[in-house]
Amino acid sequence: MSGRQHRETEIARRIRAKGLAVGRTNAQIAEEIHETCGPQFGTTKVKSHRLSYGIALADVIEQVRALFEQDKKAPPGIGETLLSAYESGLKRPGPEYLHYLCAVYRVEPTTLGFDGPCICGGHGHQRPILTATHWDMAGAGAPRELILQPHTGEAPSEGISEDENILRRTLLTLLSTEPSKAKLDGPVLGAIEGIRRRMDETLVCASVSPAMLDQWEEATLSFGRQYTTTAPLRLLCDVLLELSSVRAAMNRRQPIDLQERLCRMAAQLSGLSGMIMINLGDHRLARSFFRTGRTAADETGDRALRAWVTAREALVPLYYGDAREALNLAKKSRDLAGQTPCAAQAMAPVVEARALAMLTGTESSKEVVDQAKRALARARNAFSHIRGTEREDIAFGYTERQLYFYQGDVLTKLGQTLEAEVVLDQALDKYQDHILDQTLIRFDQAQCRLIEGDVEEAIKIAINALNLLGSDFRTDFIMRPAVALERAIAEREPNHHLLPVYREQLRPTISLAEGTGSA
């Protein structure tokens with residue numbers, strides 16, 4: 001086994017173990033393996049199902065042969081080489097082998113990634129499971145057959161059957177003598193969402209309806225608005241669930257115009273996920289989401305969208321890596337935008353200016369200061385040409401308050417404190433939400449005071465910033481400048497009487513911020 005295959009198997013093994021621990025079905029585990037390993041290793045759906053069972057190629061072959069024997073057929077010619085070719089996508093099974101592979105994994109052909117019909121027409125692969133040891137009905141006062149009786153009509157997929165079983169168990173508990181034991185816990189919520197999601201999949205199995213697309217597009221814009229007010233992890237869960245629904249629709253053949261709209265939403269949701277991962281402090285996953293977003297944006301041919309994803313991606317190296325890489329990505333974004341009036345035309349030069357300021361710092365030469373200020377001037381000019389809707393969208397567009405904030409941030413890093421303080425005050429006045437940006441603005445204000453030598457005021461501003469920050473927002477990303485400020489203050493005046501108070505504010509998170517190195 002190669003190193004790549006070994007990593008793929010190890011990741012799948014962990015997903016399988018965690019899935020079994022929380023009661024997920026093999027079909028659900030296989031879907032997660034495919035979504036996790038597919039982009040990195042090219043893991044196909046049919047291979048994901050084998051990995052979800054934790055079995056080898058030889059085990060699948062033996063099961064297929066046993067099924068042939070049970071149906072009184074001659075031994076099949078399928079072997080590990082042929083099955084491996086199916087799993088790698090080099091070949092696709094014929095109707096007979098497809099039928100028996102479906103029977104082994106108890107799913108339908110489309111679930112394994114094959115559109116073609118099998119010998120039974122694509123139905124009847126769900127074999128009834130006769131054991132019920134996973135749930136003890138004792139004391140529930142209901143017959144076990146309510147859970148275990150096989151469906152007499154068209155067999156549902158394994159995931160749907162298990163979701164229904166969970167809801168039946170909850171219903172029986174409610175009807176029992178101890179209804180208080182029924183809770184709206186994780187498995188029940190998962191079953192509810194599973195049935196709803198599969199209903200959506202059924203509704204769009206042929207093509208996505210315009211109404212469904214409208215709903216997804218509205219949800220995407222809504223997530224962009226929530227970006228300023230919702231805790232990052234909570235918002236990420238909602239965004240990824242929507243992204244998963246869009247992915248399921250894209251997995252089917254769609255008309256060209258609908259496919260383009262789906263690709264646009266995929267690019268926006270992936271880009272938004274990357275932005276949230278920056279806020280959560282995971283730069284590696286942020287990069288991965290932006291790569292996915294670029295791939296989806298390329299499918300639309302929309303220069304503005306491609307430029308937006310690239311400009312947002314530039315923030316990853318700006319915060320966690322090499323400012324030179326951020327500078328290059330910003331220039332690439334500017335080139336992609338061209339003469340198209342869009343958010344990236346204003347965003348890209350701001351990133352350029354911030355990267356220049358980070359590369360040179362407060363000791364910047366007049367030439368670098370002038371270069372950064374010219375970039376800011378280009379940003380202000382581009383902002384004046386952005387459409388009204390984009391000027392109000394903080395996630396997918398670019399707002400005036402963002403322009404003021406980042407302009408103040410650049411001037412602070414360049415040591416231009418007099419100009420910076422004026423602009424930062426204006427920026428803070430314009431913010432009514434987005435606690436993350438407000439906190440970063442206050443840290444810039446504190447940095448200006450420190451550069452000017454007013455250590456006490458710098459500490460007071462920083463303490464106030466942390467007092468306004470809820471625990472859900474104290475991520476590694478937001479605490480980095482707080483820790484950096486503490487170090488700068490300690491170098492300037494290590495015995496200042498307010499420094500211990502500030503350190504006490506940092507205490508719950510300082511170890512996290514120090515222990516996570518930048519890329």
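**Questions on a predicted model**

Reader: Is arginine 401 buried or exposed?
Author: This is a predicted model, and the place of arginine 401 in it is in helix 19. Buried means under 20% relative accessible area. Arginine 401 has a relative accessibility of 16%, so it counts as buried.

Reader: Which residues does arginine 401 touch, not counting residues up to four places away in sequence?
Author: Leaving out those close places in sequence shows which other parts of the chain arginine 401 meets. The residues it touches are then Thr228, Ile394, Ala427, Lys430, Tyr431, Gln432 and Asp433.

Reader: How many helices and how many strands does the protein have, and what share of its residues count as buried?
Author: The protein has 24 helices and zero strands. Among contacts between residues at least 6 apart in sequence, 61% join residues at least 24 apart. Of the 519 residues, the share that count as buried is 49%.

Reader: How many residues of helix 21 are buried?
Author: Helix 21 covers residues 435-451, and its 17 residues reach 24 Å from the first C-alpha to the last, close to the 24 Å expected at 1.5 Å a residue. After this helix comes glycine 453, whose phi is positive, near 95°. Helix 21 is mostly covered, and of its 17 residues the number buried is 14.

Reader: What joins lysine 47 and glutamate 8, and how many residues apart in sequence are the parts they tie together?
Author: Side chains of opposite charge can pair when their charged atoms come close. The side chains of lysine 47 and glutamate 8 meet in a salt bridge, with 2.8 Å from N to O. Lysine 47 belongs to helix 3 (residues 45-53) and glutamate 8 to helix 1 (residues 3-21), so the pair ties together parts whose separation in sequence is 39 residues.

Reader: Which helices are linked by aspartate 409 and arginine 354?
Author: Aspartate 409 forms a salt bridge with arginine 354, and their closest N and O atoms are 3.2 Å apart. Both aspartate 409 and arginine 354 are buried. The pair links distant parts of the chain, 55 residues apart, namely helix 19 (residues 400-413) and helix 17 (residues 343-360).

Reader: How many cavities of 30 Å³ or more does a search of the whole structure find, and which residues lie nearest the centre of the largest cavity?
Author: Rolling a probe the size of a water molecule over the atoms shows where empty space is left. The search finds four cavities of 30 Å³ or more, and the largest cavity holds about 150 Å³ of space. Of the 14 residues that line the largest cavity, those nearest its centre are Tyr227, Asn279, Tyr319, Tyr406 and Asp437.

Reader: Which elements give two or more residues to the lining of the largest cavity?
Author: The residues of this lining divide into nine nonpolar, three polar and two charged. The elements that give two or more residues to the lining are helix 12 (256-280), helix 15 (315-320), helix 19 and helix 21.

Reader: Which residues is leucine 315 in contact with, leaving aside its neighbours within four places in sequence?
Author: Leucine 315 is found in helix 15 and is buried, with a relative accessible area of 10%. Its C-alpha is 9.9 Å from that of glycine 274, although leucine 315 and glycine 274 are 41 residues apart in sequence. Leaving aside those neighbours, leucine 315 is in contact with Ile278, Val351 and Arg354.

Reader: What distance separates the C-alpha atoms of valine 455 and isoleucine 489?
Author: Valine 455 is found in helix 22 (residues 455-467) and is buried, with a relative accessible area of 4%. Beyond its neighbours within four places in sequence, the contacts of valine 455 are Leu450, Ile489, Arg492, Glu493 and His496. Although valine 455 and isoleucine 489 are 34 residues apart along the chain, the distance between their C-alpha atoms is 7.0 Å.

How values were computed. Residues are numbered from 1 along each chain as its sequence is written. This is a predicted model: local features need pLDDT of at least 70, side-chain atom pairs count only at pLDDT 80 or more; totals for chains, interfaces and linings use all residues. Side-chain values use heavy atoms; hydrogens and water are left out. Helices (H or I, at least four residues) and strands (E, at least two) are DSSP runs, numbered from the N terminus. The expected span of a helix is 1.5 Å times one less than its number of residues. Buried means under 20% relative accessible area, exposed over 50%, partly exposed in between (1.4 Å probe, protein chains only). A salt bridge is a side-chain nitrogen of Lys or Arg within 4 Å of a carboxyl oxygen of Asp or Glu. On a 1 Å grid over the protein atoms alone, a cavity is a set of points where a 1.4 Å probe fits but cannot get out, and a pocket is an open set with protein on both sides within 12 Å along at least five of seven lines; lining residues have an atom within 4 Å of a point. Grid points are joined across faces, edges and corners, and a volume is the space filled by probe spheres set on the points. Ala, Val, Leu, Ile, Met, Phe, Trp, Tyr, Cys and Pro count as nonpolar, Asp, Glu, Lys and Arg as charged, and the others, Gly among them, as polar. Contact means heavy atoms within 4.5 Å.
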